[in-house]
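The following explanation leads a new reader through a structure, one region at a time. Please keep the sequence and the model in view while reading.

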Amino acid sequence: MMRAGRAFVFGDNIDTDALAPGAYMKGPIEALLPHCLEATDPAFARSVRPGDVVVAGRNFGIGSSREQAAQALKLLGVAAVIAQSFGGIFHRNALNLGLPVLACADAPRIRAGDLVRVDAAAGRIENETTGAVLSAEKLPGFLLEMLEAGGLVPYLERRLATRRPAVPPKAPRSGRA
Amino acid sequence: MAMTLAEKIIARAAGRDHVTPGEIVICRVDLAMIHDSGGPRRVQPILERLGVGVWDPAKVVLIADHYVPAFDTETREIGALTRRFAASHRLGGFYDGEGICHVVLPERGHLLPGMLAVGGDSHSPTGGAFGAYMFGIGATEMAGVLATGEIWLRVPQTIRLDWSGRFPRGVTAKDVMLFLCGRLGMDGGRYQAVEYTGSAIIALPMQERMTLSNMTAELGGQAGLVAPDETTLAYLRAAGVAAAESAPWHGDPDAAAERHEFSADTLEPQVAAPHSPANAAPVGSYAPTRIEVAYIGACTGAKLADLRMAAAVLKGRRAASGVRLLVAPASRRDQQVAAAEGTLAILEQAGASLLPNACGICAGYGDALLGEEVVCISSTARNFKGRMGAASSRVYLASPYTVAASAVAGRIVDPREMLDREAA
Ligand code: SF4
C-alpha cells in the first residue's frame with residue numbers, strides 16, 4: 001500500500017483539454033506538464049508533489065483519447081486519481097500507463113489537503129485526516145496485474161517474452177477488394 | 001439466446017457463441033485506425049521497446065489529419081515521422097491531407113458492418129454508423145493492439161435510443177445529439193453501447209447517421225451503433241466495397257436493452273452554450289447573442305451533407321459584416337463533390353474562407369485559433385473551455401443550418417425561417 005498523499009480536489013467534468021491543452025500537444029510531454037489543469041487550477045502543476053492524489057466528481061477525463069491527459073498526471077507524480085466516475089477512454093488510458101484510478105461514489109467526502117492513502121488492489125481509500133474509510137470499485141484481476149506491472153507496456157513485455165502471438169484471426173475480410 | 005447488435009459483434013470477435021453484459025472478453029481486432037497525433041509518433045517507440053512489428057499491417061489504416069498542414073518545425077517533424085511509418089509498413093491504407101480520419105475511413109471503403117474496430121481517437125464511435133463496433137483508445141493501448149491484434153472489452157449493456165416519427169425540416173442529427181447530451185448528460189451513455197433505432201433514424205442518410213454515432217463520444221457511450229440496411233450498403237458500394245452484408249448485424253427484438261423513446265416530430269434546432277455540449281437548449285430560448293466567428297468544420301459538422309445544409313441557408317445570402325465565416329470541408333472528396341455541384345460556390349459567395357481538409361481549429365491545433373473573448377458558433381462536437389483557442393473564447397455548438405443562419409444574422413438565430421424563405 002502506498003504512503004499517504006495530499007488531496008487536490010476538482011469538480012465534475014474535468015476534460016482532457018484541461019488536462020492536456022491542445023496547444024502543447026505537438027511538443028514533448030515535459031513541455032505540457034506545467035499546463036496540466038492550468039485552466040482549472042493555475043497553481044496545480046507547480047504545487048503537486050510526488051505521492052499526492054487527485055480527487056474529483058463525475059466524469060473525470062471526458063473528451064479526447066489523448067493519453068497525455070493521464071500521462072501528465074503520472075509524470076507530475078500523482079499517485080492515484082479518485083473520482084465518482086471517469087470518462088471511459090481516460091480510465092483505460094490511465095490503467096495502461098500504470099496510473100491507479102479509483103471510482104468511488106464518496107469521493108466528494110474528501111477535502112482539499114486531506115491526507116489520503118489508497119489501496120487500489122483492495123479498492124480501499126483511507127482518509128487519514130478525517131479517519132474515514134471509503135470503498136472504491138474493485139478492478140478485475142488482470143487490470144490489477146497490469147497496474148502492478150507499471151502499465152500495459154511492461155505487462156506486454158512480460159507476456160510477449162513468455163508466449164508467442166496468438167494465431168491469426170478468422171475475421172471478416174477488409175472492406176477493400 | 002437473444003443478443004443485441006453490440007453483443008453479436010463482440011461475441012463474433014471474441015470467438016464466442018454468446019456474451020453477457022458485464023463479462024470481460026478478449027477480442028480480435030478487424031481494423032485499427034490511427035492518426036498523426038496519437039499514431040506513429042506515440043506507438044513507434046513502444047513497438048520498438050517491445051521488439052515487435054505490426055501484427056497485421058493490412059488491417060491498419062493511417063490518416064494524417066491533425067497536424068495537416070504542418071505549421072512549424074515540430075509539426076513538420078510529426079508529418080515526416082508519420083510518412084516514414086507508412087512507408088516502412090505495408091498498411092491497409094495511408095491518407096495524407098485527404099481529410100479527417102472518421103470521414104475518410106468509410107469513404108475509402110475500409111469499414112464493414114460487423115467489424116470490431118478501434119481508432120486512436122475519441123470520435124471513433126463514428127464507425128458505428130456502419131454497424132461496426134468501433135471505439136476510441138489511447139496511444140499506448142493502440143500500440144498494444146498493433147503488437148498483438150487483440151483488445152479487452154467489458155461487454156457493454158445496450159442503451160437503445162428510439163426515435164419515432166420524422167425529423168422536421170431544419171432539424172438534423174446534430175440537433176438530436178445536442179438534445180441527448182442536454183437530456184442525458186455527458187455520462188448518459190455510461191461507457192456502454194448506444195444504439196440508435198426507430199423510423200426517424202432509418203430515414204437518415206449515411207452522413208447524418210455518422211454525426212449521430214460520432215457524437216456518441218459526447219454522450220459518453222463506448223460505441224454508437226446504427227443497424228446497417230440498404231442505405232448503408234448503397235454507401236459502401238459507392239465507396240468501392242465489393243461485398244458487404246447487413247443481414248447478420250441486427251439485434252434480436254427480444255434482446256435485453258435499456259430503452260428510451262423520443263419523438264422526432266417535435267424536436268427543434270438545438271444550441272449548446274459554452275463550455276459543454278450538455279448545455280443544450282432549443283435555439284429559440286437564447287437571448288440575443290452576438291457572434292464573431294461561424295465555423296463549419298470537423299468530422300462532426302463539415303461532411304458533404306453538412307456543407308449542403310450550410311449552402312441551403314447561405315444561397316443568395318452573405319455573412320454579416322464583422323462575422324468571419326470559416327469552412328473546413330471534412331474530406332477532399334466531399335469538397336470536390338461540393339465544388340462540382342455548386343455547393344462550394346454558394347459558400348464562397350456568402351463570404352466563407354476555405355480552410356484545409358483537416359481537424360484545424362476543432363483540435364485546437366494550428367494557428368487559426370480563436371482569440372481572447374471571441375464568441376464563436378460552431379458545427380463541431382466539443383466546446384470545452386479553451387479547446388479551440390483562448391480560455392476566454394466562448395463557443396456555441398449547433399447544426400450547420402444554425403451556424404450558417406447565425407453567420408448571416410450576426411447573432412444566434414433559428415435557421416428555419418431562412419430555410420423557408422428564399423433569399424431576396
Ligand atoms: S475534426 Fe475535431 S473531433 Fe474530429 S477528429 Fe479532428 S479534432 Fe477530433
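Is A:Gly57 buried or exposed? With a relative accessible area of 5%, A:Gly57 is buried; here buried means under 20% relative accessible area, exposed over 50%, and partly exposed in between, with a 1.4 Å probe and protein chains only. Residues are numbered from 1 along each chain as its sequence is written, and chains are lettered from A and ligands numbered from 1 in the order in which they are written. The model is predicted, so that local features need pLDDT of at least 70 and side-chain atom pairs count only at pLDDT 80 or more, while totals for chains, interfaces and linings use all residues; side-chain values use heavy atoms, with hydrogens and water left out.

A:Gly57 is placed in the loop between β2 (53–56) and α4 (68–75) of chain A. Helices (H or I, at least four residues) and strands (E, at least two) are DSSP runs, numbered from the N terminus. Leaving aside neighbours within four places in sequence, A:Gly57 is in contact (heavy atoms within 4.5 Å) with A:Phe10, A:Gly11, A:Asp12, A:Ala83, A:Gln84 and A:Ser85.

Elsewhere in chain A, A:His91 belongs to helix α5 (residues 88–96). A:His91 is buried, with a relative accessible area of 19%. Not counting residues up to four places away in sequence, A:His91 touches A:Phe86, A:Val101 and A:Leu139.

The next topic is the nonpolar interior. A nonpolar core is a set of buried Ala, Val, Leu, Ile, Met, Phe, Trp, Tyr and Cys residues joined through side-chain atoms within 4.5 Å. The largest such core has 137 residues, and those that touch the most other members are A:Phe44, A:Phe60, A:Leu73, A:Phe90, B:Leu116 and B:Tyr133. Helix α12 (residues 304–314) of chain B gives the most to this core, with seven residues. A second, separate core has 39 residues, among them B:Val171, B:Leu267, B:Leu370 and B:Leu397.

Beyond its neighbours within four places in sequence, A:Leu73 has contacts that include A:Leu19, A:Leu37, A:Phe44, A:Phe60 and A:Phe90. A:Leu37 lies in the loop between α2 (29–32) and α3 (44–47) of chain A and is buried, with a relative accessible area of 0%. Its phi is near 65 degrees, a positive value in a residue other than glycine.

Helix α12 of chain B also holds B:Arg308. B:Arg308 is partly exposed, with a relative accessible area of 40%. Apart from residues up to four places away in sequence, B:Arg308 touches B:Val337, B:Glu341 and B:Thr343. B:Arg308 and B:Thr343 are 35 residues apart along the chain, and their C-alpha atoms are separated by 6.2 Å.

Two other helices of chain B can be followed in turn. In helix α1 (residues 5–13) of chain B, eight of the nine residues are buried, so the helix is largely enclosed by the rest of the structure. After α1(B) comes B:Gly15, with a positive phi near 70 degrees. In helix α2 (residues 40–50) of chain B, the buried residues are B:Pro40, B:Arg41, B:Arg42, B:Val43, B:Ile46, B:Leu47 and B:Leu50. These residues pack against α4 and α7 (152–162) of chain A, together with β2 (31–35), β3 (60–64), α3 (73–88) and α5 (139–148) of chain B. Just after α2(B), B:Gly51 takes a positive phi of about 70 degrees.

B:Pro69 lies in the loop between β3 and α3 of chain B, and a cis peptide bond with omega of about -10 degrees joins B:Val68 to B:Pro69. The bond from B:Pro274 to B:His275 is cis, with omega near -5 degrees; B:His275 lies in the loop between β12 (270–272) and β13 (280–282) of chain B.
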